[in-house]
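My notes follow as numbered points, with the cut-offs spelled out where each term comes up.

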Amino acid sequence: MLKLNQIIMEKQTMAAVVAVGLFTCITLCVYFVMRYRSTAINIPGEERRRQPTDWQKPGILVLGIGIGLFIVGVIQNYVSPGLPDSLAVAILIIAAGVAMIVANKLDKKHDI
């Protein structure tokens with residue numbers, strides 16, 4: 001009976017981590033798209049060209065959050081099944097922060 005309760009709690013914890021991760025991904029993607037649209041200059045009569053780096057920052061951020069979720073999943077399943085929720089959230093936040101720093105550094109290389 002105790003094993004069944006642990007399995008249910010692990011699934012609930014993982015579902016909560018995945019839900020928070022998806023919410024964060026969607027929110028940040030919308031933020032970056034809206035920020036790009038608000039800062040893009042529209043000159044009448046001139047066609048706006050799409051640059052290949054339009055989705056670079058959100059893509060790197062989503063990749064970082066995905067890597068954080070992967071690390072949390074590996075730690076929970078193989079290293080320490082009793083991983084505290086606060087540590088799982090901290091790993092996700094650190095991975096997202098590192099991804100934002102990397103995205104910012106790569107974006108600055110493209111600016112003149």
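1. Contact here means heavy atoms within 4.5 Å. With that in mind, A96 touches L61 and I65, not counting residues up to four places away in sequence. A96 lies in helix α3, residues 85-110, where helices (H or I, at least four residues) and strands (E, at least two) are DSSP runs numbered from the N terminus.

2. Residues are numbered from 1 along each chain as its sequence is written, and side-chain values use heavy atoms, leaving out hydrogens and water.

3. How confident is the predictor in the chain? The mean pLDDT (the predictor's confidence in each residue, from 0 to 100) is 76, and 71% of the residues reach 70 or more. Confidence is lowest in α1, at a mean of 74, and highest in α2, at 85. Please keep in mind that where pLDDT is low, the predicted coordinates should not be read in detail.

4. On the overall layout, the chain has three helices and zero strands, giving the pattern α-α-α along the sequence. Among contacts with a separation of 6 or more, 70% join residues 24 or more positions apart.

5. Is A96 buried or exposed? Buried means under 20% relative accessible area, exposed over 50%, and partly exposed in between, with a 1.4 Å probe and protein chains only. A96 is buried because its relative accessible area is 11%. A95, also placed in helix α3, counts as buried because its relative accessibility is 17%. Of the 112 residues of the chain, 24% count as buried.

6. A95 has its own set of partners: leaving out residues up to four places away in sequence, A95 touches G64 and G68. Its C-alpha atom is separated by 9.9 Å from that of V62, which is 33 residues away along the chain.

7. Helix α2 (residues 56-79) holds L69. Beyond its neighbours within four places in sequence, L69 is in contact with V17, V18 and L92. The C-alpha atoms of L69 and V17 are separated by 7.7 Å, although the two are 52 residues apart along the chain.

8. Q76 also lies in helix α2, and it is buried because its relative accessible area is 9%. Which residues does Q76 contact, leaving aside neighbours within four places in sequence? They are T13, M14, P81 and L83.

9. The unreviewed UniProt entry annotates residues 12-34, 55-75 and 87-106 as "transmembrane region"; positions are in the numbering used here, feature names are shortened, and annotations may be inferred rather than shown by experiment. In the model, residues 12-34 are 100% helix and 0% strand, with end C-alpha atoms 33 Å apart. Residues 87-106 are likewise 100% helix and 0% strand, and there the end C-alpha atoms are 28 Å apart.

10. Finally, the surface: the chain exposes about 8,600 Å², with carbon and sulfur atoms supplying 68% of it. Accessible areas come from the Shrake-Rupley method with a 1.4 Å probe, and for residues only the protein chains shown count as cover. L22 is found in helix α1, residues 2-39.

Key: This is a predicted model: local features need pLDDT of at least 70, side-chain atom pairs count only at pLDDT 80 or more; totals for chains, interfaces and linings use all residues.
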